[in-house]
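Here is a short tour to read with the model open beside you. Take it one section at a time and turn the view as you go.

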Amino acid sequence: MDVRTSQEDQQPAAGWAAVDGDPETTWTALGRAGSWICLSYARPVAVRQVAVRFADDSPTGLRLLASEDALTWFELAPALELGAVELNYLWLLFPAAPLEYPPAVREIEVQGSPAR
(Lines give C-alpha, C1' and ligand atoms only; values in the text may rest on other atoms or scores of the structure.)
Protein backbone atom coordinates (compact mmCIF):
# COMPACT_ATOMS: atom_id res chain seq x y z
CA MET A 1 0.00 0.00 0.00
CA ASP A 2 1.09 3.56 -0.69
CA VAL A 3 -0.24 6.68 1.05
CA ARG A 4 -0.33 10.17 -0.46
CA THR A 5 -1.90 13.34 0.87
CA SER A 6 -2.84 16.79 -0.39
CA GLN A 7 0.27 18.18 1.30
CA GLU A 8 2.81 15.58 0.18
CA ASP A 9 5.20 18.28 -1.04
CA GLN A 10 5.18 20.02 2.37
CA GLN A 11 4.99 16.95 4.62
CA PRO A 12 6.27 13.86 2.77
CA ALA A 13 5.02 10.56 4.21
CA ALA A 14 2.88 12.29 6.87
CA GLY A 15 -0.18 10.31 5.70
CA TRP A 16 1.29 7.09 7.09
CA ALA A 17 0.32 8.31 10.58
CA ALA A 18 -3.31 7.66 9.59
CA VAL A 19 -2.75 4.01 8.62
CA ASP A 20 0.04 2.85 10.93
CA GLY A 21 -2.22 1.00 13.37
CA ASP A 22 -1.31 3.40 16.18
CA PRO A 23 -4.27 5.55 17.30
CA GLU A 24 -1.86 7.87 19.12
CA THR A 25 -0.40 9.18 15.85
CA THR A 26 -2.44 11.64 13.80
CA TRP A 27 -2.39 13.02 10.28
CA THR A 28 -3.54 16.64 10.38
CA ALA A 29 -4.36 18.63 7.26
CA LEU A 30 -2.50 21.88 6.76
CA GLY A 31 -5.65 23.70 5.69
CA ARG A 32 -9.37 23.58 6.30
CA ALA A 33 -10.56 23.06 2.71
CA GLY A 34 -9.76 20.57 -0.02
CA SER A 35 -7.56 18.21 1.97
CA TRP A 36 -7.32 14.55 1.01
CA ILE A 37 -5.62 11.23 1.65
CA CYS A 38 -5.28 8.60 -1.07
CA LEU A 39 -4.46 4.95 -0.40
CA SER A 40 -3.27 2.91 -3.35
CA TYR A 41 -2.84 -0.85 -3.46
CA ALA A 42 -0.52 -2.74 -5.81
CA ARG A 43 -3.12 -5.52 -6.16
CA PRO A 44 -6.91 -5.21 -6.06
CA VAL A 45 -8.51 -5.36 -2.61
CA ALA A 46 -12.08 -6.51 -1.90
CA VAL A 47 -13.16 -3.91 0.68
CA ARG A 48 -16.09 -4.61 2.99
CA GLN A 49 -15.89 -1.58 5.27
CA VAL A 50 -13.89 1.59 5.89
CA ALA A 51 -13.75 3.09 9.39
CA VAL A 52 -12.14 6.46 10.03
CA ARG A 53 -11.25 7.59 13.55
CA PHE A 54 -10.90 11.33 13.89
CA ALA A 55 -9.00 13.22 16.58
CA ASP A 56 -10.95 15.18 19.18
CA ASP A 57 -12.25 18.51 17.85
CA SER A 58 -11.67 17.43 14.24
CA PRO A 59 -14.41 18.07 11.71
CA THR A 60 -15.70 14.69 10.56
CA GLY A 61 -17.02 15.54 7.11
CA LEU A 62 -15.71 12.98 4.68
CA ARG A 63 -16.34 11.71 1.16
CA LEU A 64 -15.01 8.30 0.14
CA LEU A 65 -14.25 7.63 -3.51
CA ALA A 66 -12.91 4.39 -4.99
CA SER A 67 -11.33 3.38 -8.27
CA GLU A 68 -9.77 0.38 -9.93
CA ASP A 69 -7.62 2.41 -12.36
CA ALA A 70 -7.31 5.94 -10.86
CA LEU A 71 -9.18 7.27 -13.91
CA THR A 72 -12.79 6.44 -13.12
CA TRP A 73 -13.97 7.16 -9.57
CA PHE A 74 -17.22 6.28 -7.78
CA GLU A 75 -18.80 6.91 -4.38
CA LEU A 76 -17.82 4.03 -2.12
CA ALA A 77 -20.59 4.13 0.52
CA PRO A 78 -23.52 3.22 -1.81
CA ALA A 79 -21.44 0.50 -3.47
CA LEU A 80 -20.57 -1.07 -0.09
CA GLU A 81 -24.28 -1.41 0.69
CA LEU A 82 -24.38 -4.04 -2.07
CA GLY A 83 -21.39 -5.99 -0.74
CA ALA A 84 -17.60 -6.01 -1.00
CA VAL A 85 -16.08 -3.63 -3.54
CA GLU A 86 -12.90 -4.34 -5.48
CA LEU A 87 -10.57 -1.35 -5.69
CA ASN A 88 -6.96 -0.35 -6.11
CA TYR A 89 -7.42 3.24 -4.93
CA LEU A 90 -9.29 4.75 -1.99
CA TRP A 91 -9.56 8.52 -1.88
CA LEU A 92 -10.70 10.24 1.32
CA LEU A 93 -11.80 13.81 0.60
CA PHE A 94 -12.35 16.30 3.39
CA PRO A 95 -14.67 19.15 2.38
CA ALA A 96 -14.26 22.62 3.83
CA ALA A 97 -14.13 22.30 7.60
CA PRO A 98 -16.98 24.18 9.33
CA LEU A 99 -15.00 24.57 12.54
CA GLU A 100 -11.80 26.44 13.25
CA TYR A 101 -9.80 23.18 13.22
CA PRO A 102 -8.54 21.34 10.12
CA PRO A 103 -9.32 17.63 9.65
CA ALA A 104 -7.20 15.34 11.83
CA VAL A 105 -7.30 11.56 11.31
CA ARG A 106 -6.05 9.16 13.97
CA GLU A 107 -6.61 5.97 12.00
CA ILE A 108 -8.12 4.67 8.76
CA GLU A 109 -9.15 1.02 9.03
CA VAL A 110 -9.90 -0.70 5.73
CA GLN A 111 -11.53 -4.09 6.23
CA GLY A 112 -10.97 -6.26 3.22
CA SER A 113 -8.97 -9.00 1.64
CA PRO A 114 -7.04 -9.52 -1.58
CA ALA A 115 -9.44 -9.74 -4.51
CA ARG A 116 -9.51 -12.96 -6.46
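## About the model

This is a predicted model, in which local features need pLDDT of at least 70, side-chain atom pairs count only at pLDDT 80 or more, and totals for chains, interfaces and linings use all residues. Residues are numbered from 1 along each chain as its sequence is written, and side-chain values use heavy atoms, leaving out hydrogens and water.

## The chain as a whole

You will find 1 helix and 7 strands, arranged along the sequence as β-β-β-β-β-α-β-β. Helices here are DSSP runs of H or I with at least four residues, and strands are runs of E with at least two, numbered from the N terminus.

Along the principal axes, the C-alpha atoms fill a box of roughly 40 × 25 × 25 Å. Among contacts with a separation of 6 or more, 72% join residues 24 or more positions apart, where contact means heavy atoms within 4.5 Å.

## The nonpolar core

Of the 116 residues, 38% count as buried; buried means under 20% relative accessible area, exposed over 50%, and partly exposed in between, with a 1.4 Å probe and protein chains only. The largest nonpolar core has 24 residues, and Ile 37, Leu 39, Leu 76, Leu 92, Val 105 and Ile 108 have the most contacts inside it. At least two core residues come from each of β3 (35-54), β4 (63-67), α1 (76-80), β6 (85-94) and β7 (104-114), and β3 gives the most, with 8 residues. Such a core is a set of buried Ala, Val, Leu, Ile, Met, Phe, Trp, Tyr and Cys residues joined through side-chain atoms within 4.5 Å.

Leaving aside residues up to four places away in sequence, Ile 37 touches partners including Val 3, Trp 27, Leu 92, Val 105 and Ile 108.

## Two alanines with positive phi

Most residues other than glycine have a negative phi. Ala 13, in the loop between β1 (2-5) and β2 (27-28), has a positive phi of about 65°. Ala 13 counts as partly exposed because its relative accessibility is 43%.

Ala 70 sits in the loop between β4 and β5 (74-75), and its phi is also positive, near 65°. With a relative accessible area of 33%, Ala 70 is partly exposed.
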